[in-house]
Amino acid sequence: MTESTYRMRLLSVHPLDAPVVALAASMTAPARPDGHGRLTAVGAVKCHGARELDTFHAADASAMVALAGFADGSPIVAHGLADALGEDAASAMSAGVWDVREFAELLTPASADDSLVQLAARLGVAAPAHPHPRIGDAHLPPSRGKGSEQPAVADARLTYAVYLALVKRAQGLGAGLLRRLADLLARAHSPLADLVFALAESPAATDAGPIGGIDPQEIARRLDRPRSLGMPKPTKPVTPDEVRRLLANDGPFAQRFRRYEARGEQAEMAEAVARAFGSSNADAEPHHLLVEGGTGIGKSVAYLLPAVLFALRNNVRVVVSTNTINLQEQLIGKDIPDLLDVLRGVPGLDVANFRYAQFKGKANYLCLRRWEAAANGDTASPDDTRTMAKTLAWLRETRTGDRAELRLSGAELASWDRMSASGFAVCNGAREGACFYRHARDEAASAHLLVVNHSLLLSNLQVGGSLLPDYDYLIVDEAHNLEAEATRQFGFRVSQTTVENLVERLGTIIHGFGTVVRASAIEQSRKESAELRQNEAQMPLYKVRDEWAQLTAGLAQFTAEQRESDEGEIRITTAERAQPAWSALDIAWDGFERSAAEASERADALLREMEDLPPETAPVLEPLKGELNEWLVDQAEARQKIRSFVSEPDADTVYWVGRGDNLSLNGAPLDVAPRLHEELFAPKSTVVLTSATLTVEGGFAHVRTRLGVEEPGEVCLGSPFDYRNAALLCLPTDVPEPNDPRYADAVASVLERLAQVAEGRTMALFTSHAAVRGTAAKLRRVLPRRGIGVLAQGVDGTPQQLLARFRAQRSAVLLGTASFWEGVDVGNETLKVLVVARLPFNVPTEPIFAARSNQYERPFMQYAVPQAVLRFRQGFGRLIRSKGDRGAAVVLDSRITSKAYGRMFLNSMPPATIVKGRFDELAPAVGRWLALES
Ligand code: SF4
């Protein structure tokens with residue numbers, strides 16, 4: 001261990017009259033399977049206001065005890081201490097640690113994922129060059145040299161500089177907000193509470209601001225009211241010629257983008273979409289359209305261009321729905337602004353008047369009313385108060401109230417739900433007060449182009465169209481997900497904790513009511529009456545909880561008798577309901593329903609009691625009334641679903657029990673097509689459904705039937721990429737079939753070889769978590785020794801974390817299941833070899849799949865294979881994302897060549913170069929393929 005002392009020029013004046021120790025750690029680049037690097041040094045700087053008192057440096061983690069002595073009780077300032085030092089060391093140091101990352105997140109939520117250097121840049125703090133990479137800084141350039149200075153000490157100085165910048169920023173928020181922030185942090189048990197309280201009391205924080213730091217009237221002024229769209233103009237079509245001219249090599253796109261190249265497939269798609277809106281040619285009538293557009297054709301511009309022209313010219317609204325948030329962000333943040341930029345130069349287009357917006361479900365927007373009630377009440381949990389602390393400074397500037405601007409963890413998201421606009425309560429915020437949700441609705445109603453997700457699009461149908469403004473023209477991108485999302489939205493899940501949470505919520509409301517009544521100045525007789533209602537509402541809750549426990553225990557026992565394993569899903573059909581044991585469940589449900597109905601009646605009486613109390617209690621009771629109204633709706637819905645599940649099943653619904661720790665009762669429509677046809681397609685003039693994977697062997701019949709879209713136009717456009725030279729499709733003939741006991745070892749040994757050939761840069765797609773875990777365990781015994789990391793879904797982190805590490809490490813093998821089959825785009829530098837371990841057939845016993853299969857004469861060929869082909873095509877699509885990419889795909893499921901249905905998979909693929917043979921022969925071919933430039 002070495003220890004050095006440096007003098008430094010200080011950047012600012014510390015506001016507190018006590019020394020602070022800034023701490024940093026240097027790490028090697030992540031090489032271990034857990035994604036952490038090896039700790040190479042710990043550096044610390046002790047500062048007091050404008051003076052640097054001492055520095056500390058140690059070469060390994062054994063320094064923790066010495067460091068504690070160096071700190072000598074001073075608060076420690078660090079950035080992401082847990083990430084850098086590991087959980088154990090961090091918790092040993094946790095007393096008095098002020099994490100600047102957490103501090104920054106309170107003041108600038110967008111900084112949540114920043115590395116120290118990025119955070120310094122955001123705050124305008126000059127950063128030194130870093131000789132060693134640290135977690136999150138793998139992109140940093142190599143050191144430009146800093147003499148003999150220890151990198152960890154330099155980082156500690158930077159941490160201190162960042163801390164001072166944050167202190168300055170916090171003081172600018174005013175004492176009122178800081179006091180409230182300190183209170184919330186204290187209730188969340190955060191060590192930062194002491195710091196923020198000290199800042200609130202420091203002379204620099206003189207501006208008291210509004211009480212509690214938040215002024216609802218100022219927020220209301222910030223949320224201007226956009227004008228509505230108004231009446232449509234007489235229809236004026238967009239012609240196919242017009243869009244083709246705009247997309248041509250001598251058109252405005254070419255003038256705006258230097259490297260623009262017209263793509264025939266893109267123009268063809270744009271023409272087809274223009275026709276679907278209704279054109280002046282023979283096929284004049286607006287109609288529905290299915291368009292498959294291969295990777296790289298530029299689908300979004302192909303539909304946005306005619307959509308923008310049509311909406312602008314006719315003053316109508318076009319809704320664009322996507323499945324993923326990534327695509328929504330790309331449309332809103334890039335594609336639409338770029339397109340408008342291009343169109344601004346086109347004569348005769350009033351682009352300045354064009355309005356577009358993104359609109360999300362209610363749960364995404366903060367409800368100020370619920371937020372204030374939670375902040376002022378006494379029932380908030382530490383997670384709730386930490387979430388409120390994260391939103392406090394943000395509320396002073398946000399114009400959306402959208403949680404996407406924050407980075408909330410799992411527990412914080414649950415807290416957010418309790419303060420979001422997701423409830424059914426309506427207050428004067430809906431008309432004139434400060435309400436982010438109302439503002440978002442107003443913006444949606446004023447937009448020509450409205451971007452939503454499939455979930456909102458379909459839940460809008462569930463509530464009779466009251467969520468979205470009226471629209472007649474719809475574009476559904478990522479349409480291959482529409483059936484699955486409709487199944488989710490039209491189905492239900494009531495878990496053990498759903499009812500337990502309902503009971504707890506009512507208990508909290510009753511408790512809150514009691515607190516209000518006790519503190520109010522109403523006359524004694526009214527108080528007694530209110531307390532009586534309160535007790536009456538409380539009484540049935542124990543019974544509800546008890547009866548529900550009996551019902552779910554009965555279901556657990558019933559399903560255990562059907563199948564031995566206690567995991568998985570058990571479908572409940574008429575055969576199960578006919579068994580004698582089911583009658584015991586009917587009796588248990590009856591008991592539950594009686595007590596739940598009683599609880600509902602008494603809650604209703606409590607609501608009437610609240611409404612009858614004198615007006616002076618209204619300000620404090622309003623939020624509770626809102627919560628109770630919402631509870632009444634939620635419990636009625638839950639009871640109706642439980643009734644349908646146990647006692648009054650519907651012939652067109654698939655039912656199943658989800659087993660495990662949180663047993664659930666589930667239902668889903670047997671077929672979503674009739675409802676989609678009736679409520680989504682038939683009432684609209686134009687619905688365009690597009691995706692890179694809609695066809696099976698070039699035909700749309702499967703998707704047409706599954707979605708219920710009748711007589712649409714159909715256009716299938718291949719990719720402009722040269723797949724023959726870009727992708728090698730390897731079909732080894734000597735890998736045993738998946739049900740062969742030798743298969744798992746064969747997959748691991750093929751992957752081991754491919755990972756060496758490609759120097760990592762390999763992603764393998766599996767169909768089960770067990771297969772991922774088993775293969776990962778085998779690969780970890782060999783690949784890390786050769787400098788190749790192994791990243792396994794469900795073992796080494798969330799899909800997002802795995803993708804970030806896969807990109808950062810370069811030399812790694814990533815093993816994933818469902819979420820990696822689509823939507824993943826890591827770039828050709830990171831991914832050279834894609835392995836499909838197994839053809840992605842559904843599990844035959846999966847309840848929805850099993851029930852839907854029964855609708856077909858030849859279920860395997862008519863349903864199972866087409867579904868698997870579409871997923872397989874999505875998986876293959878991960879390999880080649882841009883012109884110039886080059887890679888190999890290896891399919892380890894020999895059924896693709898040995899079974900007749902294998903042709904359906906191969907016939908649906910882009911025209912890659914296909915090689916078949918023993919894997920020993922194919923592995924060198926992969927190496928040669930990757931060595932060549934495309
Ligand atoms: S209208 Fe709804 S979301 Fe808006 S402030 Fe009132 S309760 Fe909250």
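Helices here are DSSP runs of H or I with at least four residues, and strands are runs of E with at least two, both numbered from the N terminus. The model is a predicted one, in which local features need pLDDT of at least 70, side-chain atom pairs count only at pLDDT 80 or more, and totals for chains, interfaces and linings use all residues. Residues are numbered from 1 along each chain as its sequence is written, and side-chain values use heavy atoms, with hydrogens and water left out.

**The second largest pocket**

- The second largest pocket has a volume of about 430 Å³, and 18 residues line it, of which A357, Q358, R399, T400 and E443 are the closest to its centre.
- α18 (436-446), α14 (325-344) and β8 (356-358) each contribute at least two lining residues, and α18 gives the most, with four.
- The lining comprises eight nonpolar, three polar and seven charged residues, where Ala, Val, Leu, Ile, Met, Phe, Trp, Tyr, Cys and Pro count as nonpolar, Asp, Glu, Lys and Arg as charged, and the others, Gly among them, as polar.

**The packing of α15 and α25**

- Helix α15 (residues 368-376) packs against helix α25 (residues 618-646) at an angle of about 110 degrees, with the axes 9 Å apart; the two are therefore roughly perpendicular to each other, a class that covers 65 to 115 degrees.
- On the α15 side R369, R370 and A373 meet E622, P623, E627 and E630 of α25, contact meaning heavy atoms within 4.5 Å.
- The residues of this contact divide into two nonpolar, no polar and five charged.

Terms used: On a 1 Å grid over the protein atoms alone, a cavity is a set of points where a 1.4 Å probe fits but cannot get out, and a pocket is an open set with protein on both sides within 12 Å along at least five of seven lines; lining residues have an atom within 4 Å of a point. Grid points are joined across faces, edges and corners, and a volume is the space filled by probe spheres set on the points. Axes are lines fitted to C-alpha atoms, for helices over the stretch in contact, and angles run from 0 to 180 degrees between N-to-C directions. Angles under 35 degrees count as roughly parallel, over 145 as roughly antiparallel, 65 to 115 as roughly perpendicular and the rest as oblique.
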